[in-house]
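Have the model open while you read.

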Amino acid sequence: MAAAPVNSTDRGGALHFPSGFLWGAATSAYQIEGGVDVDGRGESIWDRFAAAGRARGDTGDSAADHRRRMADDVALMARLGLPAYRFSVAWPRVQPDGTAVSASGLDFYRALVDELLAHGIEPVATLYHWDLPQALEDAGGWPARDIAARFGDYAAVLGRALGDRVRRWTTINEPWCAAMLGYAAGIHAPGRTDPGAAVAAAHHLLLGHGLAVDALRAHVRAERPEIGITLNPYPVVPAGDSDGDRDAARRVDGIANRLWYDPVLRGRYPDDVLADLAPVSDLRHIRDGDLAQIARPLDALGLNYYRRHHVRHETGASASPSPWPGSPDVALIEAVGAPTSNGWAVEPAGLHESLARLDADYDHPPLYIHESGGAFPDQLQPDGRVHDGDRVAYLDAHLRACHDAIAAGIDLRGFFVWSLLDNFEWAEGYSQRFGIVHVDFATQQRTPKDSALWYRDVVHANGLGADPSPPSGDGSAS
Ligand code: FCB
């Protein structure tokens, strides 16, 4: 589904985004909230996983202390001129044991939404960004079918509590990571390494999404609700032109991209993907009617983009657990070029490729980039600033790729920087800084980086100058 192209480049080479383009920044609950000891919050799988030392010995116990500093953080967003803020709700803060509702947990999110709206900032709520109540993992986790219904119930609780004021919802963030990194590769919580369980988890995440869409439709009363899901598609590039590499790329594309797009947007699983998964799963968890539930019509689709996957076929199965169930003989290789500080290649053109592929192959609702950003070795300088020109260049390049996509007729409606704040970066603990705002984790002092001031100008101009420009701000947003 292509939108009419926009006339968006002026003679000086500056780029303008369509009017109404939604600019924002994103975070997730476990990565920033801390406050694990309030609201009767229950244990999440990430608490358990981090406590076992699987996140470089760090935990989210304090994170960026946002649970306590929420009002200050919203005021900072307002000073940075952010029109929208994508946050996630911590399921174990709202349903500590996965069922009973914590009134004070819900009150926190009510207060957050009120504070955002009072500052003219549009809330975009994510129901699930990976912090499953440990009690539900103990009952079987995402591989067990019952969890999909639990997730639907949780969505109804949130829809009732916030649906009068929150118009934009996304059900699940990056279900590929939740299923494959959590249950197959074991490098995310809950740290299981069972490929069959990961395949069932993928299906139940999708089914939970479909049930949550119905629950939100029933309860969200805000006008023109926008309900969707957030996926993380990757352009997949074979390392060489051998048949083995090409087939490895097909299989990675199947599990990274089509395993999610096809059920959600077409109501079926791709045959080749099911065949690839057959060696590790009898697929009996897929029941009649499930795909119709999963393919409920959506109003929006969120995409998170960081990089491409470059894929090689390896002779013989890898010894370490694979995030590609049924295909232990495929491996990702690093792309060439200067990576970000967590080793990810900088590949802005891949963002446009992702959008173009989706647009060419699927009927889709309006698109949003729900995450884009990079980790860099930021240092707070003696002048009290963080001069993260590398992040400015990164964001500038990715926004140009968004603009290329829009100019090519793709219906892209918004962009959210990952992330507002430096935070707990999952298995990397606090070693990777993705924020446009620096956080000193010892003092919890916030300092907008140069990128935050640059982004404020981009948002204000609804576009980019002809050349990647240094921030014009004077640091006054701190
Ligand atoms: C994405 C996650 C987000 C963050 C970024 C760097 O996959 O959704 O929480 O960790 O990567």
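Strand 3 and strand 4 (residues 122-128) run parallel and are paired over 5 bridges; strands here are DSSP E runs of at least two residues, helices are H or I runs of at least four, and both are numbered from the N terminus. Two strands count as paired if DSSP finds at least two bridges between them. This is a predicted model, so to speak of local features takes pLDDT of at least 70 and side-chain atom pairs count only at pLDDT 80 or more, while totals for chains, interfaces and linings use all residues. Residues are numbered from 1 along each chain as its sequence is written, and side-chain values use heavy atoms, with hydrogens and water left out.

**Strand 3 and its partners**
- Ser 88 has Thr 126 in strand 4 as its bridge partner.
- Strand 2 (residues 22-26) is also parallel to strand 3, joined to it by 3 bridges.
- Across from Ala 84 in strand 3 stands Gly 24.

**Burial**
- Strand 3 (residues 84-88) is largely enclosed by the rest of the structure, because 5 of its 5 residues are buried (under 20% relative accessible area, 1.4 Å probe, protein chains only).
- Ala 84, Arg 86 and Ser 88 point one way, and Tyr 85 and Phe 87 point the other.

**Lining of the largest pocket**
- Strand 10 (330-333) is one of the elements that each supply at least two lining residues, and strand 10 gives the most, with 4.
- By type, the lining divides into 23 nonpolar, 11 polar and 9 charged residues (Ala, Val, Leu, Ile, Met, Phe, Trp, Tyr, Cys and Pro are nonpolar, Asp, Glu, Lys and Arg charged, the others, Gly among them, polar).

Technical notes
Buried < 20%, exposed > 50% of the residue type's maximum accessible area, 1.4 Å probe, protein only.
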